[in-house]
Amino acid sequence: MANDKNGFEIPDQMRDFAEKSVDQARKAFDDFMNVTQKAVETAEDSASIVQTGATDVNRKTLSFAEEHMDAAFQFAQKLVRAKDVEEMMGLQQDYLRKQMESLGEQARELSNTATKTAQDAAKAAKKS
C-alpha cells in the first residue's frame, strides 16, 4: 500500500481500479479516434471521386461548347455561300438535325459520367 506524508494510505485495490479505469478510457479514446479517422478518410475519398467526376464533366462541357461553336461558324460560312433560299433552308435543316443529334449524344455522355461518378463514390463509401 502507498503511504503519503499524512499517513493516508491508498489501498492497492483502489489503485488497481483507477489504473484499469484509465486504461479503459484510453482504449475507448483510441477506438473513437480510429473510427473517426476512417470516417474522415471515407469522406475524403468520396469527395475526391466526386471532384474528379466534376472535373470530367467540366472538361466535357467545355469541349461540347467548342464543338457547337465550331459547327455554328461552319454553318455561317456555308450559309453566306448559299446561292438561293432553297439552299439556305436545306443548310439550316441539316445544321439543326446535326445539332440535335450532337446534343442527344452529349447529354447521354454527361449522364453516364455523372452516374459513374456517383457509383464510384458509393463504392468508396462502402469500402470503408
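Is Glu-109 buried, partly exposed or exposed, and at what relative accessibility? Glu-109 counts as partly exposed, at 34% relative accessibility; buried means under 20% relative accessible area, exposed over 50%, and partly exposed in between, with a 1.4 Å probe and protein chains only. The model is predicted: local features need pLDDT of at least 70, side-chain atom pairs count only at pLDDT 80 or more, and totals for chains, interfaces and linings use all residues. Residues are numbered from 1 along each chain as its sequence is written, and side-chain values use heavy atoms, with hydrogens and water left out.

**Nonpolar core**

- Ala-71, Phe-75, Ala-82, Leu-91 and Tyr-95 make up the largest nonpolar core (buried Ala, Val, Leu, Ile, Met, Phe, Trp, Tyr and Cys residues joined through side-chain atoms within 4.5 Å).
- Helix H1 (12-81) and helix H2 (85-127) each give two or more residues to this core; helices are DSSP runs of H or I, at least four residues, numbered from the N terminus.
- Neighbours within four places in sequence aside, Leu-91 is in contact with Phe-75, Lys-78, Leu-79 and Ala-82 (contact means heavy atoms within 4.5 Å).

**Largest pocket**

- The largest pocket holds about 160 Å³ of space. A pocket is an open set of points on a 1 Å grid over the protein atoms alone, where a 1.4 Å probe fits, with protein on both sides within 12 Å along at least five of seven lines; lining residues have an atom within 4 Å of a point.
- Its lining includes Phe-75, Leu-91, Asp-94 and Tyr-95.
- H2 supplies the largest share of that lining, five residues.
- The lining residues divide into four nonpolar, two polar and three charged.

**Salt bridges**

- The count comes to eight salt bridges, each a side-chain nitrogen of Lys or Arg within 4 Å of a carboxyl oxygen of Asp or Glu.
- Glu-109 forms one with Lys-60, with the closest N and O atoms 3.7 Å apart. This pair links distant parts of the chain, Glu-109 in helix H2 and Lys-60 in helix H1, 49 residues apart.
- Lys-60 is also partly exposed, with a relative accessible area of 25%.
- Arg-15 pairs with Asp-12, the closest N and O atoms being 3.1 Å apart; both lie in helix H1, three residues apart, about one turn of the helix.
- Asp-94 and Arg-97 meet in a salt bridge at 2.5 Å, N to O.
- A network of salt bridges links Asp-94, Arg-97, Lys-98 and Glu-101.

How values were computed
Points joined across faces, edges and corners; volume = space filled by probe spheres on them. Nonpolar A, V, L, I, M, F, W, Y, C, P; charged D, E, K, R; others polar.
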